[in-house]
Amino acid sequence: MKIQARVVCGMFVAGLLALSQAACYAQQAAAASPNDVAGLYRNTVEPDVLVVVYREGGKLYEEGERSPREELKEKSKDHYAAPESVSFVFTRNANGAVESLTQGAGGDWPGSLNQPEQFVRINGDTAHLNHFRLYTRSEAMVPMRDGVKLHVVILRPKGSEASGDPLPFLMTRTPYGVDGYTSDIVNAIKPELAESGYIFVYEDIRGRYESGGKFVMNRPIVAHKTKNDIDETTDTHDTIDWLLKNVPNNSGKVGVLGVSYPGFLAMMAGIDAHPAVGAISPQAPMTDVWMGDDFFHNGAFRQTYGFDYVQELEAQKTDVAVQSKEDTFDFFLQHVNFAGAAKAAGMENLPTAKMFLEQPAYTKFWRDMAVEWHLTKVEVPTLEVGGYWDQEDMWGTQAEYAALEPHDTTHEVFMVLGPWNHGGWGATTRHLGALDFGQPAGDEYRKTIEAPFFEKYLKGRAGFDLKNVASFRTGVNRWERYDAWPPKDGFHAAKLYLVPNGSLSTTAPGANGAAGKTSTSYVADPANPIPYRHRPIQATYGKGSKWRKWLAEDQRFVSGRNDLRNFETPVLDHDVTVAGDVIADLFASTTGSDADWVVKLIDVYPDDAPAPMAGYQLMVAEEIFRGRYRQSFETPEPITPGKVEEYKWSLHGADHTFLKGHRIMVEVQSSWFPLYDRNPQTFVPNIMTAPASAYKAQTVSIYGSAQYPSHLDVSLADR
């Protein structure tokens, strides 16, 4: 995660890393001259990210609200280097005044830059920006009930061991390694919570990094009959027991949070919860990796992600990223099916890869891994967090909220949905790719929701005022708060009908008495699948990968193809707001005996919109469905060629305003490669091992008649 900084007051609090308050005030009073490199600088792309360069004791330093102070050593005039070889180059105007700063790439801590960034000098103010509090670090091996020991890193405010008020724990359990957590890191990633003061605990889960035992992907919950009946709920319980007994001056309360796999682990803390658990925050949690999270979506296999992720977690105790020297589009096309690709990588015997190959349907194996079936009561206050452009675990946040909310008799289940990709709420940014949201939504969430949530439930402090759901409405770019999700007051159910002539209408087919064309068709050829993002397509987390922002890419790179169909409204004469679940209800046929359906809800910007958004096609909601599972996810069956059948599935939640002057478009296609494996379009028992001869071009038809009214079910704001 890229850590950035944002301007705050220069006032220090006790325990800061650098100077005393008196020194801080002295710096605030002494502004640097225009010819001095010292001063306050603003990021030219992210205006909320500020850094300050200042002198102290004859040395030059740099810091930001979310980046630690580091010394800059002069290499030549106006050229400096920080630790880890990050370069700082200052530029002057013709009069010699410093105008800008280029902070170069380099370094391997979480705040290091992936590429150079530009900052413009605002003024000569040299007041400190960060409020970093000094935390002391310790490590321990924590025994579990079955004798296995798990590795933890403990960070707490300096001096809090023996004095001051007892502090609650904030714990994150992870498969991604905890050795890198330091005082600077905890201040950078959770500045508000670190400033308040918690005992932060980071734990390597069983079988990962420095912890003992065997790693099992999304380890299923089991019946706890003996000490050897372990899962992530028991490991969480045993870790908390040990912390309460062995870490001095703790308050006896524990909060658990995490993103992605750690989000799954945070939810484990809320099932058979330890009495000390006061609050949890599962963020983009892996909830059901077959239904809608990492590995499958509605039966369609996410082959590039499964290929890379399983190797990273099961072929090693660490998580070194898989790299690819070629376009993965070509690699997976060449190897025909996942079995061929897995064999080429030598991963076919890894535990989860074997399950991909042997059990591609929703078997007991996948259901046992899923979390939602266990969410039958609310045990602790829960804050679910997710992003509308989450490329990995968009499903889990909304599914866990939907499962818990009916049992929430004490009104302590909350959800936040924002304009983010996977984990994007951790950054200080108002952008996602080309999108500009006009405000640093991640900072706003952390300052006004996340930190007050834990302050309330772990410290008893006022300030958390969320009643149910907070959602960032894109298009108009503002936060909304709802009493329920999907929102009810001020909205009404509506349908967007796919008209075979290419239009999109709220009027049902045949309602005006005209029969018209009843279907539209295209040829889907597995030999020429539609790429899911711009090529070349790098390995998921490989060098130069564009994976993290692909859901926000401009869809014009595929919308002109003849193997898909677009349905558009006229230019809107008023704003149209969609909020809540978007449901695709497609009536379609194919000349084959299997098919995939991809439906995208797209905001088409006007051609005269400011750059880079002129003509942009932005996906607002999107999802895939594998046709063989239309009757049952457990028992796939072939499609009858030529028969019109109904396919209905969720494109997930949205909260978006299509502005006046824009158009609403729905795009339908039959491949999304290579993220999703190709459907042969002829039924085979197991697509993972489908022979090359099974892959056939087929004609698919989408219907839009009174009998077969293909449409999207949406909730529209009242006018």
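**Close-up views of a predicted model**

At 0% relative accessibility, Ala284 counts as buried. The structure shown in these views is a predicted model.

**Figure 1. Backbone at Ala284 and His411.** Ala284 belongs to the loop between β14 and β15 (296-297). Its phi is near 45°, a positive value in a residue other than glycine. His411 likewise is not a glycine and has a positive phi, of about 55°. The loop that holds His411 runs between α11 (394-404) and β18 (413-418). Ala284 is buried, with 0% relative accessibility, whereas His411 is exposed, with a relative accessible area of 59%.

Figure 2. The bond from Arg535 to Pro536 is cis, with omega near 0°. Pro536 sits in the loop between β25 (519-524) and α13 (556-559). Phe673 and Pro674 are also joined by a cis peptide bond, with omega about -5°. Here the proline is part of the loop between β31 (663-669) and β32 (698-703).

**Figure 3. Salt bridge between Arg628 and Asp594.** The model has 35 salt bridges. In this one, the side chains of Arg628 and Asp594 meet with an N to O distance of 2.7 Å. Arg628 lies in the loop between β29 (617-626) and β30 (645-658) and Asp594 in the loop between β27 (576-590) and β28 (596-604), so the pair ties together parts 34 residues apart in sequence. Both partners are below the 20% cut-off for a buried residue: Arg628 has a relative accessible area of 2%, and Asp594 has 0%.

**Figure 4. Salt bridge between Arg55 and Asp36.** The N to O distance between the two side chains is 2.9 Å. Because Arg55 is in strand β2 (residues 50-56) and Asp36 in the loop between α1 (21-29) and β1 (39-43), the pair ties together parts that are 19 residues apart in sequence. Arg55 is partly exposed, at 44% relative accessible area. Asp36 has a relative accessible area of 19% and is buried; the cut-off for that class is under 20%.

Figure 5. The closest N and O atoms of Glu65 and Lys447 are 3.3 Å apart. This pair links distant parts of the chain, 382 residues apart: Glu65 is in the loop between β3 (59-64) and β4 (67-76), and Lys447 is in helix α12 (residues 441-459). Glu65 is buried, at 8% relative accessibility, while Lys447 is partly exposed, at 30%. Both residues belong to a network of salt bridges that also includes Arg66, Glu192, Asp443 and Arg446.

Figure 6. Eight of the eight residues of α5 are buried, so the helix is largely enclosed by the rest of the structure. These residues are Tyr261, Pro262, Gly263, Phe264, Leu265, Ala266, Met267 and Met268. Ala269 lies in the loop between α5 (261-268) and β14 (277-283) and is buried, with a relative accessible area of 3%. Leaving aside residues up to four places away in sequence, Ala269 touches Thr236, Val256, Val277 and Ile280. The C-alpha atoms of Ala269 and Val380 are 8.9 Å apart in space, although the two residues are 111 apart in sequence.

**Figure 7. Crossing of helices α6 and α9.** The axes of α6 (residues 303-314) and α9 (residues 351-358) come within 8 Å and cross at roughly 145°. From α6, Gly306, Val310 and Glu314 meet Pro351, Thr352, Ala353 and Phe356 of α9. By class, the residues of this contact are four nonpolar, two polar and one charged.

**Figure 8. The largest cavity.** The structure holds seven cavities of 30 Å³ or more. The largest has a volume of about 110 Å³. Its lining consists of 13 residues, of which His297, Arg302, Leu551, Glu622 and Tyr676 lie nearest the centre. The lining divides into five nonpolar, three polar and five charged residues.

**Figure 9. The second largest cavity.** This cavity has a volume of about 90 Å³. Among the residues that line it are Ala524, Asp525, Pro526, Asn528, Pro529 and Ile530. The lining also includes Asp563, Ser670, Ser671, Arg678, Asn679 and Gln681. By class, the lining of the second largest cavity has four nonpolar, five polar and three charged residues.

Technical notes
Residues numbered from 1 in each chain as written. Predicted model: local features only at pLDDT ≥ 70, side-chain atom pairs only at ≥ 80, totals over all residues. Heavy atoms only, no water. 1 Å grid on protein atoms, 1.4 Å probe; cavity = no way out; pocket = protein on both sides within 12 Å on 5 of 7 lines; lining within 4 Å. Points joined across faces, edges and corners; volume = space filled by probe spheres on them. Nonpolar A, V, L, I, M, F, W, Y, C, P; charged D, E, K, R; others polar. Salt bridge = Lys/Arg side-chain N within 4 Å of Asp/Glu carboxyl O. Helix = DSSP H or I, 4+ residues; strand = E, 2+ residues; numbered from the N terminus. Buried < 20%, exposed > 50% of the residue type's maximum accessible area, 1.4 Å probe, protein only. Contact = heavy atoms within 4.5 Å. Axes fitted to C-alpha atoms, helices over the stretch in contact; angles between N-to-C directions.
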